[in-house]
Amino acid sequence: MFTKKEFGDKVSIFFILFLYMNNLMIQKSCEIRMYSLATLLCLVNAIFFYKLIKNPKQSYWIGFVCFGVAAAYTQFFGILCMCFTYIGVLTYLFGREKSS
C-alpha cells in the first residue's frame with residue numbers, strides 16, 4: 001500500500017515480487033526466529049524516515065525512534081540496521097544545515 005501510494009503501480013509490483021521471491025526471506029520465513037520481525041521493524045522505520053524527510057513532523061520522529069528501538073531490541077541485525085539508519089539521519093541533518 002505504501003509503495004503504491006508513494007511510487008505508483010509498477011514500483012509496487014516490482015517491490016512485492018522482489019520481496020517475496022528473495023531466497024533469504026523464503027528461508028527465514030520457515031524458521032521461528034526474530035529475523036522476519038526485525039526486517040519488518042526496520043522497514044517500518046525506513047518508511048518513517050522517508051516520511052520524515054518529506055514532512056518533518058513530531059509524530060514521524062516518535063514513530064522513527066520507537067520502531068528503531070524496537071528493531072534494535074529484537075535482533076542483532078536490527079541493531080546494525082538502526083546504526084546505519086541513524087548515520088543516514090545525521091548525515092541528512094548536517095547536510096541540510098550546511099545547505100541553508
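This is a predicted model: local features need pLDDT of at least 70, side-chain atom pairs count only at pLDDT 80 or more; totals for chains, interfaces and linings use all residues.
Residues are numbered from 1 along each chain as its sequence is written, and side-chain values use heavy atoms, without hydrogens and water. Local features need pLDDT of at least 70, side-chain atom pairs count only at pLDDT 80 or more, and totals for chains, interfaces and linings use all residues.

**Stop 1: the core**

Select L41, C42, A71, C81 and M82, the five residues of the largest nonpolar core. A nonpolar core is a set of buried Ala, Val, Leu, Ile, Met, Phe, Trp, Tyr and Cys residues joined through side-chain atoms within 4.5 Å. Buried means under 20% relative accessible area, exposed over 50%, and partly exposed in between (1.4 Å probe, protein chains only). Helix 4 (35–54) and helix 6 (76–99) each supply at least two residues of this core. Helices (H or I, at least four residues) are DSSP runs, numbered from the N terminus.

Apart from neighbours within four places in sequence, C42 is in contact with A71, F77, G78, C81 and M82.

**Stop 2: the aromatic cluster**

Select F49, W61, F64 and Y86, which form one aromatic cluster. Rings of Phe, Tyr and Trp (its six-membered ring) pair if their centres lie within 6.5 Å; planes under 30 degrees apart count as stacked, over 60 as edge-to-face and the rest as tilted. By this rule there are five aromatic pairs.

How are the rings of F49 and F64 placed? Their centres are 5.9 Å apart and their planes are at 35°, so the pair is tilted. This pair links distant parts of the chain, with F49 in helix 4 and F64 in helix 5 (residues 58–74), 15 residues apart. Both F49 and F64 are buried.

Next, compare W61 and F64: the ring centres are 6.2 Å apart and the planes are at 85°, so this pair is edge-to-face. W61 and F64 are separated by about one helical turn because they are three residues apart in helix 5. W61 counts as partly exposed, at 33% relative accessibility, whereas F64 is buried at 0%.

**Stop 3: T85**

Move to T85 in helix 6. Is T85 buried or exposed? T85 is buried, with a relative accessible area of 16%. Not counting residues up to four places away in sequence, T85 touches N45 and F64.

**Stop 4: I79**

Finish on I79, also found in helix 6. I79 counts as partly exposed, because its relative accessibility is 38%.

Terms used
Contact means heavy atoms within 4.5 Å.
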